[in-house]
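Have your selection tool ready, and let's go from stop to stop.

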Amino acid sequence: MSTAAAIAPMGRLEAFRHLMAPDHLRSGFTVAKPAFLRNSLLAGFQAGATSAIALPLILMSPAAHMVGYAALGGMVALFGRFDTPVGRAKVVALAGLTQVLMVLLMSLASLYAEPLFQLGALSLAFGVAYFITISGRFGPPGALIFAFAGGASLAPVTDVAVAFERTAATAAVALLAFVICVATDRLRLRPSAERPLPMEQLRPLRHRLIASARILIGCGVALIVSHAWGANHPVWAGMGAMVVLQGPFLNINMHRALQRMAGAVVGSMLAWVILTQEPSALTVVALIFVLQMLTELVIGANYWLGQIFVTPMALIMSDLAAPGLSGADLASERVLDSLLGVVIGIVAAVMLSSMDDRHHLAELRAGAR
């Protein structure tokens with residue numbers, strides 16, 4: 001019998017105790033040297049350049065009120081950074097289609113469904129988006145981009161025409177992102193036999209389905225609890241839970257939980273400073289570009305450092321989409337809802353963990369010893 005086979009999987013309580021051990025918690029803040037920084041910075045530049053070109057044009061057009069949804073389209077340039085040229089084109093195209101469908105379907109849900117059914121539809125969308133992302137090996141930044149788009153699209157619409165207008169704005173900028181990615185792909189570091197890029201291994205279908213169901217349930221609980229608590233934007237709680245639950249292993253789930261909490265607190269303070277200055281729309285566009293580049297510069301070193309810049313970027317994009325409904329006051333709600341979602345995500349990750357998840361954790365502990 002092999003050593004790995006002889007190691008018994010942990011029980012859920014034992015797994016929770018191990019994950020909460022001080023040594024394990026501290027290891028989540030280890031800063032590493034970013035791998036393949038060139039590709040990450042180029043992906044950030046491509047996404048930022050898409051926004052820098054498209055958003056000012058949108059702001060000067062009759063569809064200026066759709067600028068927030070246009071910004072969602074530019075984010076698809078972040079995917080596929082470690083794939084082959086042909087593979088990346090496919091990933092960006094599929095990511096664009098996923099983003100467009102997320103905006104359309106959630107906008108229609110906001111028009112026709114009651115609030116609780118909207119949250120149920122959003123939690124289902126979270127699970128499906130995760131399955132698509134992991135099955136298609138989209139790579140960083142993962143399904144969270146689609147979750148953000150889905151939550152933003154639950155903002156009320158008055159009729160079907162508005163839902164399609166949102167979708168058209170997202171689709172147009174996603175198409176621009178695709179063109180920019182294809183045109184500048186030669187600048188990426190290409191994979192080779194001597195230096196393969198860190199592509200994710202495709203996990204068995206059963207594992208992907210279990211993980212997607214766990215996200216659906218955990219994020220659904222976070223959304224409903226946040227809504228019952230009276231939060232104006234329960235999507236932040238759902239996203240907090242998703243950050244924790246989309247990790248491939250329990251030890252990564254816990255690290256992501258702590259990193260999310262730390263980054264959300266610092267990032268929300270930065271967002272408050274920015275939004276209290278009441279920046280113009282063009283200043284916000286410039287800030288999105290700068291924050292995107294800063295995110296890609298540091299997120300490979302540690303996820304919590306990236307969250308410091310992701311959080312204000314998400315908040316100022318929310319302010320750009322609906323300036324009358326958001327702003328500096330949203331920063332504190334972002335922190336509280338994120339904390340709620342992270343806590344629910346931790347509980348869901350352990351309680352809904354599979355035998356394989358806890359066996360892997362036991363192997364890691366044995367290896368450390």
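Is F45 buried or partly exposed, and what is its relative accessible area? Keep in mind as you look that this is a predicted model. Select F45: with a relative accessible area of 40%, the residue is partly exposed.

A search of the whole structure finds five aromatic pairs. In one of them, the ring centres of F45 and F289 lie 6.0 Å apart and the planes meet at 80 degrees; planes over 60 degrees apart count as edge-to-face, so this pair is edge-to-face. Colour the two helices to see what the pair joins: F45 sits in α4 (residues 37-59) and F289 in α13 (residues 281-298), distant parts of the chain 244 residues apart. F289 is partly exposed too, at 26% relative accessibility.

For another aromatic stop, select F79, F138 and F146, which ring pairs link into a cluster.

Next, show the surface and select L124, V128, I132, L216, I217, V221, V225, V343, V347, M351 and L352. Together they form a nonpolar patch with about 850 Å² of accessible area. Helices α7 (115-135), α10 (205-229) and α15 (329-351) each give two or more residues to the patch, and α10 has the largest share, with four.

Stay on α10. V221 belongs to this helix and is partly exposed, at 40% relative accessibility. Buried residues of α10 include R208, A211, G218 and L223.

Finish just after α10, at G230, where phi is positive, about 100 degrees.

Notes: Residues numbered from 1 in each chain as written. Predicted model: local features only at pLDDT ≥ 70, side-chain atom pairs only at ≥ 80, totals over all residues. Heavy atoms only, no water. Patch = residues over 30% accessible without salt bridge, like charges linked within 9 Å, V, L, I, M, F, W, Y side chains within 5 Å. Areas by Shrake-Rupley, 256 points an atom, 1.4 Å probe, with all protein chains shown as cover. Salt bridge = Lys/Arg side-chain N within 4 Å of Asp/Glu carboxyl O. Buried < 20%, exposed > 50% of the residue type's maximum accessible area, 1.4 Å probe, protein only. Phe/Tyr/Trp six-rings, centres within 6.5 Å; stacked < 30°, edge-to-face > 60°.
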